[in-house]
Amino acid sequence: MEVKKRKGFFFSTDALLALGIFVIALILLLQLRPASAPSFKEPIIADDIIMALSAIRVNETSSPTVKNMISAQEIRPEQLGISIAELLAELWSEDNTIIAEQIIIEVTSTLSSKYQVAFSVNQDDLFGFSEEDSLRTVALGTRIVTGINRSQPTRGYSAHIQFSLPKNRTTSSFAYFGGFSGQGDLEVMLRDLPSDLDSSNIISLSMEAAISQEVTIFVNNNVCGTFPAEPLSKRSQYFNLSSCIPALLPGYNRVRLSFEELETAFVGGGFVQVKYTTNEIAVPTVGQGTYHFPDIYGIINVYDSITIPGNLTSLEIYLEYDALIPPNVETTYFLNIGNATVYSGTNMTSESVTLTDADFSMLDYSSMSGTIPIRMGIEGVNYSGYVTVDNPSDTIIITDLSGSMAWCGDTEPPLTCTYDCRYQMWFWQFTTEKSCQVESVDACAGDVCGGTPTCTSTSNHDACRPRVEIAKEAALIAQDLILTNELARVGLIAYSTGIVSELGLTDNQTAVVNEIESYEAGGWTCMCCGIYRAVDMYSKVSENHSYMIILSDGEVNYRCDGPGSYTGVLDLSPASAQSTVEAGQYACENNISVFVIAAGPDLEPEWTETLKEVACDESMYFETSDFSELSSIYENVTREILSRTTYTSQIVHPGEGLASNLTNSYITYHYESNINPLSINEIPITKRTSKLNYCNASVLLNPNLRVIESYITSYSDEHWTSLVGINDQTVFNISNYGSNFNLIGDPFIVGIPGDLFSHGNNSIAVLTGSAPGNETGCSPDNIIVLSTAVSIIPPISPVASKAEGCHWHVLQENLESFETSIPSYYSGSKNCYYHNSTYDIDDAYDISAYSLFSQLDIDNNGMIDIYLTEQALTVESIVVENVPSLWGPAIFEVKVGR
Amino acid sequence: MKGQSNFVDFIIALGIFLIILFVFISFNQSNKIDYSMTGEALMISDSLLSPGIPSNWTETEYYRPGLLEDNKLSTEKWEMFYNIMITNSSGLKSKYTLLSDFMIRIGKYNGGVFTEIDVGGISHITTDSDVNPLDIVNMHFDRIDRMERIIAYNGTLVIMEVIVWK
């Protein structure tokens, strides 16, 4: 019994223990649970506080601190309408956090015993929690506040600066000459000079042009002076015509150039410029242009161009000329536009004609865009007036006189008959070779040469012309042709085992002929000796165009040790061929045009490969297996050289008794412009490069510039502007209009479309020429003019604490200093300098002015790219007071904790 | 003896079960959030912290009155709201789609105690005039919740307390 009782008691005790443990665990669990779950109410409270503080105006608040500030005028009248939240933010921006804290305490006093409130701006505490660590919940409310920034004014002055056309602006008017305006006295017109023009507002009068003889210049029949011509071709000269400034009048002004010699009475490109200040504003005509021919008193000979910046829609031409024609001459006056003759008048002694669109069926308007050449001139029966001009040139004919050149060349007479002659002397028989010239192969029989010894019998007859004789004949033809150029010289070198004959560069044709006649064949073949000797001959005496004609009949077997080596070494290995190729390329590298002629029936392929490489390029290598063709090959090569050393110029011979005058003539053209004009906020900047000096130039275009239009000048003198390209795109190619340049115009100004320019470096090339493939370089005086637009945002300064102004000194790209007071009425002593950023950063005027000049400094080099005095722009400024700052946004935060 | 032993165990187990049940119910009761009441409190307070619909509502023409004018408590709207409540509290409740009664009072905390302030001579507005604000905490309701909102009034921050109950 007791055992059973004890057993039941034991179970009850277990249950009580389990209960105790459970209760303890439950108590612990309740202790560990969160004191308070996160509430959604605090964020609402935080937002409410922000909204309420944004609603209470400064002049409404019951805060004693704010009221005191209002009384003490520490709060400006314009601040009375802002909210308490904005006031707190402004106080923060002014580093007035102590006052802000006091205001917060006062306006939140009604909450403080229930809620703890903290304020911050941009996480910069204005008023923090007193016991943050003890807070159970913290909620955040935010609002964006603009117009404030730490330690920056919230109100102040803002200056707005902009450009405007001034009353008095500087500008220029031009009268252009074409690529060739001639021949005779010339007259061009300075048109549409402003009505307020007089001597006092004319800055300069000048001419830049390429001329070939002394010229006397008149303005409105007043002599400006007589000026000598500089003897250099394709160079522009500057002519100061300021003595004629008093003769200039408003409207139209005639500028006349008077020459003595009719044949060189021309201008090879140029312009007359008058620079002045005026109150008048010229309104540009868009979609219409007029080209005025120069008035000519002598012989009409005009090479020029028009530039159509769009699609041509209509054309009108007026021509007025008179002529004096000798009885035995029939002449035709013609006007070519592009490659089409739009007017042709035969034997007209006087003509005035107007041509309209109906007369231009030969023109394809759709293809007439850009620069189109114009040519007006004279041609006719018994009159071919074009002048052919020689250029200095030196040609060395190098002839192979190796033993193989004695071999038979051909069987054309005169032939050399050779045969073995046996004769007897006493009791002995002897054999010798006889040779003499015969007229035909058949004549080469028996002892045809006669003389002693007398042949008892003959054998092995051979009638032919040795290669050396054919080579001599060809060389004689070549030298004869070359020396038709009066400025050409010929040199001779003959080689075999070494140099066996030479004659220095000379125009003495007798000496040349005698030297060639003396050639005899024999020995090995050292072509490299001949080439190196010729190179030295050029380098000592020649600065002219240099040419080399080399003849070979086969394998080279002597090698040279490089430049200056004329003796050579016998070497039957490929080294001789290699040495010869090196000699040829050496000559090419020294600007000598090397032509190679390989002749003979026994030419091996490896020999001809070597000879090809000796020539400067394959077009200068000629080959024949028939020696009889040698003369014609020499002639072709020589004519090629002649075409490179002579050219037909734009000048014409006046002709006996022939005269013609051109007056009042013009071409008017209408077009649909493809130029994007200036837009709002764009201002024009005209950039003019310095003289290019080379035919290839690089023009840098900054990223914030837009090219509206541009042109390149080309002082082509008596040649033609033949090619203009930009960035590998051809803008003008005279060959598109034909191969006879005498019938094609010659632009002095070639337009380059603005859209072909890219930002960064632009490669621009210009060339002149006299015939297709005959380039004549370019003028070093060419320039490029860019009409560009830069987008200017009229600067409005940020809010600054003052607006006083400054006297500005601004450097321009031409290193001239532009000075101006901003605002214009500023009379203080403060000086500001753009190039080194010297100005008052707390002055609204200064900030705005600096911003403006920065926009005009395209390449950020401290110098503005717009010539303010030339561009005729002035600076106007406006200041606005009491402007709220535009700082921000800043984050205004309220934290609520409990 | 065998039967007695089982009875004692049963009594002890029942006790343990009842204790656990009591603790569990107490624990759950103390943490219960009446989301429907909170939602109503939030809804009425949001509506009151607005200009109302329409914003120029009057005692006779209103859809859902609000108490703010220029984001501040408008005395005029407060008085109009009071008058509407006096005459048509049930209609007003239906405008807010409320099932509960509510009381609104304006005040501030002073030493941790909410103190009513007069707004146009009116310190509180209630749908049930029998309910005294001072006693409301001691009164028994099936469900009750309250919400405080901060509002700009008379150049300072005041507290608008909204109490809803059933």
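The legends below describe several close-up views of a predicted model.

View 1. Chain A contains 13 helices and 49 strands, and buried residues account for 51% of its 898 residues. When contacts between residues at least 6 apart in sequence are considered, 80% of them join residues that are at least 24 apart.

**View 2. Strand 1 of chain A and its two pairing partners, strand 49 and strand 2.** Strand 1, residues 116–121 of chain A, is mostly covered, with six of its six residues buried. Gln116(A), Ala118(A) and Ser120(A) lie on one side of the strand and Val117(A), Phe119(A) and Val121(A) on the other, and both faces are covered. Strand 1 of chain A pairs in the antiparallel sense with strand 49 (residues 890–897) of chain A over six bridges, and within this pairing Phe119(A) stands opposite Val894(A) of strand 49. Strand 1 of chain A also pairs in the antiparallel sense with strand 2 (residues 124–127) of chain A, here over three bridges, with Asp124(A) in strand 2 as the bridge partner of Val121(A). Strands 1 and 2 of chain A form a hairpin with two residues between them, and Asn122(A) in the turn has a positive phi of about 50 degrees.

**View 3. An open sheet of six strands in chain A.** The strands of this sheet follow the order 27-26-21-28-31-32, and their pairing is mixed. Strand 27 (499–506) and strand 32 (621–624) of chain A stand at the edges with a single partner strand each, so one side of each has no neighbour in the sheet. From one strand to the next, the twist averages 15 degrees. Inside the sheet, strand 21 (residues 393–400) and strand 26 (residues 488–495) of chain A run parallel and are joined by eight bridges, and Asp394(A) stands opposite Arg489(A) in strand 26. Helix 9 (residues 575–589) of chain A packs on the sheet, where it touches strand 28 (545–552) and strand 31 (592–599) of chain A, and the direction of helix 9 makes about 145 degrees with that of strand 31. Helix 11 of chain A lies across strand 21, strand 28, strand 31 and strand 32 of chain A, and runs at about 170 degrees to strand 31.

**View 4. The packing of helix 6 against helix 11 in chain A.** The axes of helix 6 (residues 467–482) and helix 11 (residues 630–645) of chain A come within 9 Å and cross at roughly 20 degrees. Because angles under 35 degrees count as roughly parallel, helix 6 of chain A is roughly parallel to helix 11 of chain A. The crossing of these two helices is right-handed. Residues making the contact include Ile470(A), Ala474(A), Ile477(A) and Leu481(A) of helix 6 of chain A, together with Leu630(A), Tyr634(A), Arg639(A) and Leu642(A) of helix 11 of chain A. The contact residues divide into 11 nonpolar, two polar and three charged.

**View 5. An open sheet of three strands in chain A, with helix 12 lying across it.** The strand order is 46-45-47, with mixed pairing, and strand 46 (817–822) and strand 47 (831–833) of chain A are the edge strands, each pairing on one side only. Neighbouring strands of this sheet are turned against each other by 25 degrees on average, direction ignored. Strand 45 (residues 806–811) and strand 47 of chain A run parallel and are joined by three bridges, and Cys832(A) in strand 47 is the bridge partner of Trp808(A). Helix 12 (residues 844–856) of chain A lies across strand 45, strand 46 and strand 47 of chain A, and runs at about 15 degrees to strand 45.

Note on methods
Residues are numbered from 1 along each chain as its sequence is written. Chains are lettered from A and ligands numbered from 1 in the order in which they are written. This is a predicted model: local features need pLDDT of at least 70, side-chain atom pairs count only at pLDDT 80 or more; totals for chains, interfaces and linings use all residues. Side-chain values use heavy atoms; hydrogens and water are left out. Axes are lines fitted to C-alpha atoms, for helices over the stretch in contact, and angles run from 0 to 180 degrees between N-to-C directions. Helices (H or I, at least four residues) and strands (E, at least two) are DSSP runs, numbered from the N terminus. Angles under 35 degrees count as roughly parallel, over 145 as roughly antiparallel, 65 to 115 as roughly perpendicular and the rest as oblique. A crossing is left-handed if the near helix is turned anticlockwise from the far one by less than a right angle, and right-handed if clockwise. Contact means heavy atoms within 4.5 Å. Ala, Val, Leu, Ile, Met, Phe, Trp, Tyr, Cys and Pro count as nonpolar, Asp, Glu, Lys and Arg as charged, and the others, Gly among them, as polar. Buried means under 20% relative accessible area, exposed over 50%, partly exposed in between (1.4 Å probe, protein chains only). Two strands pair if DSSP finds at least two bridges between them.
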